[in-house]
Amino acid sequence: QVQLVESGGGLVQAGGSLRLSCAASGTIFRLNVMGWYRQAPGQQRELVASITSGGSANYADSAKGRFTISRGNAKNTVYLQMNSLKPEDTAVYYCHLNPWDIWGQGTQVTVSS
């Protein structure tokens with residue numbers, strides 16, 4: 001069974017950077033989409049960015065120009081480089097794998113003002 005393991009969250013000051021990582025254990029099919037979602041307290045979970053196995057990326061408007069999603073060479077890993085972080089980026093960030101709808105456990109990102 002495929003599992004997603006995330007790492008890289010933490011506390012950072014506004015304007016700082018963090019890099020999130022997500023690795024899929026087990027065998028996954030070649031064609032897939034990996035993404036990052038986030039959920040702030042009292043808010044719905046929302047897409048931050050996603051990337052296909054072919055490398056096509058999609059970003060939420062709030063992430064454009066600040067965040068970069070990328071795949072590892074093994075294609076079973078995905079990264080989210082977050083720059084120019086703002087307090088409103090504070091949330092639990094979840095890794096997601098389609099088309100199997102598998103979620104990671106989440107990693108907390110806190111941006112202080």
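View 1. Met34 stands opposite Leu97 in E9, and its bridge partner in E5 is Ile51. Strands here are DSSP runs of E with at least two residues, numbered from the N terminus, while helices are runs of H or I with at least four. Two strands pair if DSSP finds at least two bridges between them. E4 (residues 33–39) and E9 (residues 91–98) pair in the antiparallel sense over seven bridges. E4 also pairs with E5 (residues 46–52), again antiparallel, over six bridges. The hairpin of E4 and E5 has six residues between the strands, and Gly42 takes a positive phi near 75° there.

A word on the model: this is a predicted structure, with local features needing pLDDT of at least 70 and side-chain atom pairs counted only at pLDDT 80 or more, while totals for chains, interfaces and linings use all residues. Residues are numbered from 1 along each chain as its sequence is written, and side-chain values use heavy atoms, with hydrogens and water left out.

**View 2. E8 with E3 and E7.** E3 and E8 run antiparallel and are joined by six bridges; Ala23 stands opposite Thr77 in E8. E7 and E8 are antiparallel too, with five bridges between them, and Ser70 has Tyr79 in E8 as its bridge partner. Five residues sit between the strands in the hairpin of E7 and E8, where Lys75 takes a positive phi near 65°.

**View 3. The largest nonpolar core.** A nonpolar core is a set of buried Ala, Val, Leu, Ile, Met, Phe, Trp, Tyr and Cys residues joined through side-chain atoms within 4.5 Å. Buried means under 20% relative accessible area, exposed over 50%, and partly exposed in between (1.4 Å probe, protein chains only). The largest such core has 27 residues, and Trp36, Leu80, Met82 and Tyr93 are the ones with the most contacts inside it. Two or more residues each come from E3 (18–25), E4, E5, E7 (67–71), E8 (77–82), E9 and E11 (107–112).

View 4. Ser50 is found in strand E5. Why does Ser50 count as buried? Its relative accessibility is 14%, and the cut-off for buried is under 20%. Contact means heavy atoms within 4.5 Å. Leaving aside neighbours within four places in sequence, Ser50 is in contact with Val33, Met34, Gly35, Ser56, Ala57, Asn58 and Ile69.

**View 5. A salt-bridge network through Arg38 and Asp89.** A salt bridge is a side-chain nitrogen of Lys or Arg within 4 Å of a carboxyl oxygen of Asp or Glu. The whole structure has four of them, and Arg38, Glu46, Arg66 and Asp89 are linked in a network. Glu46 and Arg38 come together with their closest N and O atoms 2.8 Å apart; Glu46 is partly exposed at 39% relative accessible area, whereas Arg38 is buried at 7%. Arg38 also meets Asp89 in a salt bridge (2.9 Å, N to O). Arg38 lies in E4 and Asp89 in the loop between E8 and E9, so this pair ties together parts that are 51 residues apart in sequence. Asp89 in turn meets Arg66 (2.7 Å, N to O). Arg66 lies in the loop between E6 (57–59) and E7, so the pair with Asp89 ties together parts 23 residues apart in sequence. Asp89 is buried, with a relative accessible area of 1%, and Arg66 is buried at 12%.
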